[in-house]
Amino acid sequence: MKSERLQRIVQAGTCENDMEQKVMGVADSTITSEEEIQQVFAHLAECDSCRYLYEDYFAIHDDDGNLIEEGEIGETVELGMKLEPGSIVPLATDFMVEGQRAAVLSGEAVSMVEYRVPAGGDNVDVKVYPCDDTVSIQLSASGDGTRVILISPGTMETATVEKGIARFDNVMPGRFLLVINMRHLVTVTITK
Ligand SMILES: [Zn+2]
C-alpha cells in the first residue's frame, strides 16, 4: 500500500514551483495564514504532484495529525463531463450513482449528473446541473458548517454546508478543484 502511494507521487514528477514545503505546511496545519492556504489550494488545482502529496498526508495521518500505520490510498477523484445546451453528458462512469450508468453508457445526455464520492469515512453527493453556459454544483454532505472551496484558475469561492447542502452557481466550464473540509480533493473537468 505504501509503495503504491509513493509510486503515484514519484510518477507525477517534482513540483515545478517548489511548493512541496508549503503544501505540507497547509496539510499539517503549521501554515495558518488564510492567504498562504489559498495560494496552496490554487496551486493544488494545477499541480498533480502537489495534489497527490496533499492527499497522501491524509492517508497516513488521522484527524489529530497522528501518524497511522495502515493508511488507505487516498482515492483520486476526478469527474469529467461535457456541457451541451440544456443538458450534460458525463464522460466517465466512475463515482456516478447507479441509476445513471445505463443512460450514460448509451451516450444519452441527462438533465443532471449525480456522483457519490468518498470523503474520509463519509460519502459526499455531488450533483451538477446545466444552466445555459454555466453549471450549478450542489454538494450534499453530513456535517453542517463543513467548508467547501471551489478553485478554478484565478478564482476561489467558498461555500459552507448548511442543512446538509453547499452550492455553487454560475460555474464556468473548465477544470477546477473542489476542496471538502480542507482535506478531500475532487477534480472536476467540464468541457463544452
Ligand atoms: Zn506543485
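View 1. The bounds come from an automatic or database domain assignment. This is a predicted model, in which local features need pLDDT of at least 70 and side-chain atom pairs count only at pLDDT 80 or more, while totals for chains, interfaces and linings use all residues. Numbering starts from 1 along each chain as its sequence is written. Nine residues from domain 1 and nine residues from domain 2 form the contact (C-beta atoms, placed from the backbone, within 7 Å). On the side of domain 1 that touches domain 2, α3 and α4 (48-60) each give at least two residues; helices are DSSP runs of H or I with at least four residues, and strands are runs of E with at least two, numbered from the N terminus.

**View 2. Here is the largest nonpolar core, with 45 residues.** Such a core joins buried Ala, Val, Leu, Ile, Met, Phe, Trp, Tyr and Cys residues through C-beta atoms within 7 Å, where buried means 20 or more other C-beta atoms within 10 Å of a residue's own. Leu44, Val126, Val179 and Val186 have the most contacts inside this core. Strand β9 (residues 174-180) provides its largest share, five residues. Both domain 1 (2-60) and domain 2 (77-191) contribute at least three residues each.

**View 3. Let us zoom in on Leu44 and its contacts.** Leaving out residues up to four places away in sequence, Leu44 touches Cys50, Arg51, Tyr54, Leu177 and Leu185.

Key. Buried ≥ 20, exposed ≤ 12 C-beta atoms within 10 Å, placed from the backbone. Contact = placed C-beta atoms within 7 Å.
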